[in-house]
Amino acid sequence: MVWAEIICTEIVSRIAVIREKMKITDFTTFHEVTQGYLHITRQIGCEDYADTWSDPSGQFHIAATADGHGDPTCVRSARGARFAVEVALTCLQKFARSYLGDGEEAQSVQEYRTEPDNQSAQVDNQPVQGDNQPVQGDRTGQKNRPVQDEQGTADDRDGKNDIRNLLQPRTAGTELKRLTDTMLMLWRMKCQDDLQESPLTDEELTAAGMYADYYRRGSELAHAYGTTLIAALMTEQVLVLLQQGDGRCEVIFADGTIDQPIPWDPRCHENVTTSLSDPDAAESFRHAVIDLSKDPVSACFLGSDGVEDSFDGMDGTHAFYISLAHEIGVMPREEFQDYLHGMLPGFSRKGSGDDVSVAGIVCAETLGQYRENFEEILQRYRTVKETEEIRRKLNSMERKHRILKERMEQTGKDTDAEAFRRYDERYQELEQRYNALRGKPDHA
Amino acid sequence: MPTPQDLEPTPRRVLNIFYVLDTSGSMTGTPIATLNRAMEETVQVLQDQAVSNADAQLKIGVLEFNSGCKWLQPNGPEDMEDFIWQDMSAGGLTDMGAALTELDDKLSRHAFLKSMTGAYLPVIIFMTDGFPTDDYKKALAKINENKWFRRAAKIGFAIGDNADTQMIANIVGNSEAVIRTSDLELFARLLRFVSVTSSTLASQSRTSTEALTGADIVKSAMEEGVIEEKDVDHNIKVEVTSNDAHAVASEDDNWDDDSDWE
């Protein structure tokens with residue numbers, strides 16, 4: 001099944017109309033988090049977090065999800081995930097306003113756009129168990145330092161705060177690096193504050209296993225809060241996507257194509273992921289910037305790996321988000337939120353068993369126009385999966401079918417004949433179904 | 001209109017039970033006859049259990065080894081309801097190394113474990129009555145790098161006085177997971193018990209630090225009075241054989257930290 005080219009002729013003719021009509025104010029956001037089935041049975045709390053934010057003036061939307069690591073040594077990963085999302089929303093709001101706000105407002109938010117010192121060590125050397133040690137490190141000197149880049153200082157950049165500058169790879173690289181550096185710094189500060197307020201308990205240190213000694217010495221403490229993060233900022237002009245770790249960002253474009261625009265980190269595979277707590281987290285943040293004037297977007301979904309791990313292949317993940325897109329297009333917003341809330345626990349139970357978090361920035365009206373196309377895509381996916389399952393079942397039955405037949409022919413007994421007949425009936429039924437499915441058009 | 005819950009047709013998590021059975025020349029006569037009968041009865045019980053197990057979809061794979069090795073099911077593990085026992089015959093050598101190599105090849109998402117999303121870790125039951133006639137240690141070192149094998153619940157049966165209990169202990173990684181007996185009738189009962197207990201316990205939700213082990217299953221057999229302490233040789237010292245310094249499963253192994261699940 002070729003997911004990159006789901007273009008129907010009627011969509012092509014509508015693209016120009018859609019492009020012209022779709023405005024940022026047509027978009028809404030949603031988010032939902034469910035505790036994983038296995039987390040419930042193991043009595044582990046939910047370690048995912050998600051949130052969204054829409055600018056009251058309608059200029060931009062933000063979505064973010066984070067997945068705290070299930071590693072027992074990451075004893076506060078649930079908090080780490082929450083901190084990550086909170087920081088993402090805060091920073092992206094300020095980032096957006098620095099481009100979209102009026103002059104006065106833009107000046108006032110320059111404060112966060114600093115060149116951070118090496119803050120990676122800030123979380124370490126903190127008190128572990130309430131011994132009233134002062135906070136190590138000084139973060140007060142970080143404010144009000146101008147941004148330096150090849151274009152000069154921020155103060156010199158009058159008229160250069162056009163967010164479309166982010167479409168230039170070099171500018172995006174510089175600006176988004178600053179943004180993610182700041183986000184990391186603020187995340188670590190939140191972790192630091194949390195430790196200061198609530199040092200690691202004996203129970204947490206016991207659970208930390210091999211990391212307990214590190215934690216007692218006040219080092220590697222960020223690891224205790226380890227988490228992934230995916231965040232999206234959508235304005236009228238651009239869609240900015242950021243990611244550290246696993247999980248997926250799935251974008252449905254106005255022409256009906258689907259893509260995962262954020263470059264993948266090959267170090268994220270199976271149950272292994274990179275993390276905000278990694279020493280190279282700053283350097284390994286990934287990003288993508290989409291020019292919405294050229295490639296308008298109908299929906300941007302963010303999801304933790306609890307979604308992807310529920311399927312054998314990426315086609316299942318695509319189908320999942322397509323099905324969400326379909327439901328968004330046909331349901332009122334509140335009804336969709338209820339639907340998601342009711343659906344995700346069962347989805348986790350039958351699938352990965354992991355926490356599942358999804359968030360999105362979506363244009364329900366546009367998605368509604370593709371309703372039939374989505375239904376067609378999902379029906380094709382279901383057909384492919386049913387065909388694969390029947391093939392698997394036929395393979396499973398093949399040997400017994402042969403043996404029962406041989407037995408019947410050798411013994412001539414009625415009991416053996418009956419046993420074969422019953423089994424053969426089922427076998428033939430499946431084979432006919434398989435052949436019928438294979439004969440369907442567009443079978444992948 | 002399919003919802004996300006409908007997108008995947010398999011509602012239950014898969015539990016694969018693999019049998020690795022010695023059908024060498026020394027098994028000729030009563031031993032192979034007992035094995036055939038024991039497997040037939042065991043499968044019958046497992047099939048009954050499969051119907052009532054709401055959490056797990058049981059699948060079975062049988063690998064026999066003598067001079068070389070061969071799967072009873074070339075298509076891979078079969079659903080328990082589709083499994084039919086074919087009597088095996090005895091003859092040839094005891095190429096345990098070949099069996100381990102073949103098992104290593106098939107314990108992979110690209111082979112017999114194709115659809116393992118959300119699946120339970122497999123159960124592997126080994127049986128031998130003799131000493132290996134090939135270099136099993138080299139094969140064991142290789143398969144110990146296979147995370148499906150490392151994490152599987154492994155139980156070993158050493159049948160008769162000539163069985164290499166050290167080998168079986170090395171393979172299953174724990175002397176507490178090896179049952180030795182010269183009583184073939186007892187072996188038949190034990191095989192049935194171990195198989196049923198494995199499938200029941202393995203399909204219960206466990207944390208990564210409480211993964212089911214072969215020792216758990218053997219302990220359960222002792223608690224049920226099916227076997228006695230004397231049937232387990234606590235004095236066997238397992239010789240760890242691995243090419244990978246980190247390959248040996250430890251108490252601290254964590255599901256979320258694992259990589260290279262091929």
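**Strands and helices of chain A**

Student: How do S2(A) and strand S3 (residues 60-67) of chain A pair?

Tutor: S2(A) and S3(A) pair in the antiparallel sense over seven bridges. Pairing needs at least two DSSP bridges between two strands. Strands are DSSP runs (E, at least two residues) and helices likewise (H or I, at least four), numbered from the N terminus. This is a predicted model: local features need pLDDT of at least 70, side-chain atom pairs count only at pLDDT 80 or more, and totals for chains, interfaces and linings use all residues. Residues are numbered from 1 along each chain as its sequence is written, with chains lettered from A and ligands numbered from 1 in the order in which they are written.

Student: Which residue is the bridge partner of A:Asp51 in S3(A)?

Tutor: A:Ala64. Between the strands of this hairpin lie five residues, and A:Gly58 takes a positive phi near 80 degrees.

Student: New topic. What is the strand order in the open sheet?

Tutor: S1-S12-S11-S8-S9 in chain A, with antiparallel pairing. Strands S1 (28-34) and S9 (258-259) of chain A stand at the edges, each with a single partner strand, so one side of each lacks a neighbour in the sheet.

Student: Which strands does helix H10 of chain A touch?

Tutor: H10(A) (residues 314-330) packs on the sheet and touches S8, S9, S11 and S12 (356-362) of chain A. Contact means C-beta atoms, placed from the backbone, within 7 Å.

Student: And how many bridges join S8 to S11 in chain A?

Tutor: Six, between residues 248-253 and residues 297-303. Among the pairs, A:Glu250 has A:Phe301 as its bridge partner.

Notes. Contact = placed C-beta atoms within 7 Å. Axes fitted to C-alpha atoms, helices over the stretch in contact; angles between N-to-C directions.
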